[in-house]
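Please keep the sequence and the 3D view at hand while reading.

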Amino acid sequence: MDIKETINGLTQEMRRGTIIIGVLSQLSEPQYGYSLVSILEEKGINIDPGTMYPLLRRLEKQELLESKWDTNETRPRKYYLLSPTGKEVYRQLCQEWQMMTVSIESLIRGGTGDGVS
Amino acid sequence: MELVKKYIYAVTNKLPEQQRADIEKELHGLIEDMLEERTQGGIPTASDVEAVLLELGNPSELADKYRGSKRYLISPELFPTYIFVLKIAIAAICIATTVAFVVETVLEPAQIQGQLTSYISSIMSGIFQGFAWVTIIFFLVDYKGLNKQKLNKNSWKPSDLPPLPDHRVKIKMADPIVSISFTIILLVLLTFSINLFGVWFSPDASIRTVIPIFDEEVFRGFLPFIWVVFALNILSDIMKIILGRWTIKLIAFDIVVILLHFVLAVFMFSDSSIWNPHFLQQIAQPDLIQHESDGLQFIQTVWPNATQGVLAILGIILGIQLITTVVKYFKIKDLT
């Protein structure tokens, strides 16, 4: 039972690093917080709203996102969109991600083979 | 919906003013969206609201996420030391007030009721003050001292590493603890029981009298200065507990504190107004004389020179402290 907890913890830690790139990837179109949560959930990435909303604010403060209130709908919603800086950052993060997956992939496949022996 | 308002208030009320309204509006929208998804457009029940709020989690944790950091008065690194010093301080305050109470009861057993009331009130105010002072001192140490260290983290160099503990630079924990305890005990006695500092008589077993040597009113005027100097003394002891070893800065601070003690002593005893002006008359009362005539003569000769005498004694004590501290400086100069 302990090993499950350990695996859970480690998985969460790995996921935490991927949240930002996941969020940035969906913001070339304006989205509000909850719609982002649903979109990412559909694609298998679970972020609870309590994490998403503060994160969006932080990214806006770092000038990666721009925001605008939309008051035309039934309820006012704050829409976020990638800023020019955000686009550039996202592009470079993607490159880093590719390199990382290649490296990890080669580590897992190469070397000792199954990673156990 | 009352519950939703309460929840949003609990999240936003501790956030910076300028973000509050915006976050409030955003959270409102979010909770409505979550409710809508849950009820598929129906009217949300109380249990729906509860479930959604549970999903969002503890409001103070959410506020922490919005803030991006947790807030402390005393940082976790210092907290154990803080509690440790707080315990010493509270214990010293309790000991000092209790000693004063016992002495006063022995002096005037008939007044026990009034003494008990004043004992309870001084122990309460003493604990409160001790708590406040220790907290303020630690807050300042934390705010001024550790934050600087954190800022320096970027430009850290291997040469910044503290030297391995050497028995010559190590501070024995007992020293600052004893020093803090004595300082606080003296502080409490000087603040609440200055009338006990005097010459004690017991003409017969049941009566005891104290002739105070200080003029209480004049002495009270000096109390704020005494508090400041003693607080600096306690601050230096706390730094010793935190650092655990002598540093050049710590020694320099110690020297400043010793000099301040001396300045304070000179300031207090610069004229004789601090002494009880009626001391000699009070002590010469006939019912006291018969029993203590030798002592009386002695006191009458000593009294006129009290000012110089006190200054000389304090000067010698502080001088010795100063010399040992300076010697310490030369001993460890090459080690730190």
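In which helix of chain B is Tyr143(B) found? Tyr143(B) belongs to helix H6 of chain B, which covers residues 112-152. The model is a predicted one.

Tyr143(B) has a relative accessible area of 51%. Since a residue counts as exposed when this value is over 50%, Tyr143(B) is exposed. Along the chain, Tyr143(B) and Ser75(B) are 68 residues apart, and their C-alpha atoms are separated by 9.0 Å.

Is Asn276(B) buried or exposed? Its relative accessibility is 8%, and the limit for a buried residue is under 20%; therefore Asn276(B) counts as buried. A polar atom of the Asn276(B) side chain lies 2.8 Å from the backbone oxygen of Pro212(B). When neighbours within four places in sequence are left aside, the contacts of Asn276(B) include the residues Ile211(B), Pro212(B), Ile213(B), Phe214(B) and Asp215(B). Gln282(B) and Trp303(B) are also in contact with Asn276(B).

**Helix H4 of chain B**

Helix H4 of chain B spans residues 59-67, and its buried residues are Leu62(B), Ala63(B) and Tyr66(B). Why do these buried residues line one face of the helix? Seen down the axis of H4(B), they fall within an arc of 100°, so they lie along one face.

Just after H4(B), Gly68(B) takes a positive phi of about 85°.

**Annotated segments of chain B**

An unreviewed UniProt entry places the feature "transmembrane region" at several segments of chain B, including residues 221-243 and 310-330. The table gives the computed values for these two segments.

| Segment of chain B | Helix content | Strand content | Distance between end C-alpha atoms |
|---|---|---|---|
| Residues 221-243 | 100% helix | 0% strand | 35 Å |
| Residues 310-330 | 100% helix | 0% strand | 30 Å |

**The sheet of chain A**

Chain A contains an open sheet of 3 strands in the order S1-S3-S2, with antiparallel pairing. Strand S1 (31-32) and strand S2 (65-70) stand at the edges; each has a single partner strand, so one side of each is left without a neighbour in the sheet. In general, strands of a sheet pair through backbone hydrogen bonds, either parallel or antiparallel.

S1(A) is joined to strand S3 (residues 77-82) of chain A by 2 bridges, and the two strands run antiparallel. Within this pairing, Gln31(A) has Tyr80(A) of S3(A) as its bridge partner. Helix H3 (residues 49-61) of chain A packs on the sheet and touches S1, S2 and S3 of chain A. The direction of H3 makes about 50° with that of S3(A).

How many bridges join S2(A) to S3(A)? There are 6 bridges between these antiparallel strands. The bridge partner of Lys68(A) in S3(A) is Tyr79(A). S2(A) and S3(A) form a hairpin, with 6 residues between them. As 5 of the 6 residues of S3(A) are buried, this strand is largely enclosed by the rest of the structure.

Chain A has 4 helices and 3 strands, and from the N terminus on its elements run α-β-α-α-β-β-α. Chain B has 13 helices and 2 strands.

In chain B, residues 24 or more positions apart account for 74% of them.

Key: Residues are numbered from 1 along each chain as its sequence is written. Chains are lettered from A and ligands numbered from 1 in the order in which they are written. This is a predicted model: local features need pLDDT of at least 70, side-chain atom pairs count only at pLDDT 80 or more; totals for chains, interfaces and linings use all residues. Side-chain values use heavy atoms; hydrogens and water are left out. Two strands pair if DSSP finds at least two bridges between them. Contact means heavy atoms within 4.5 Å. Axes are lines fitted to C-alpha atoms, for helices over the stretch in contact, and angles run from 0 to 180 degrees between N-to-C directions. Buried means under 20% relative accessible area, exposed over 50%, partly exposed in between (1.4 Å probe, protein chains only). The arc is that of the directions from the helix axis to the C-beta atoms. UniProt positions are given in the numbering used here, feature names are shortened, and annotations may be inferred rather than shown by experiment. A polar contact is a pair of N or O atoms within 3.5 Å; within protein, one must be able to donate a hydrogen and the other to accept it, and residues adjacent in sequence count only if both atoms are side-chain atoms.
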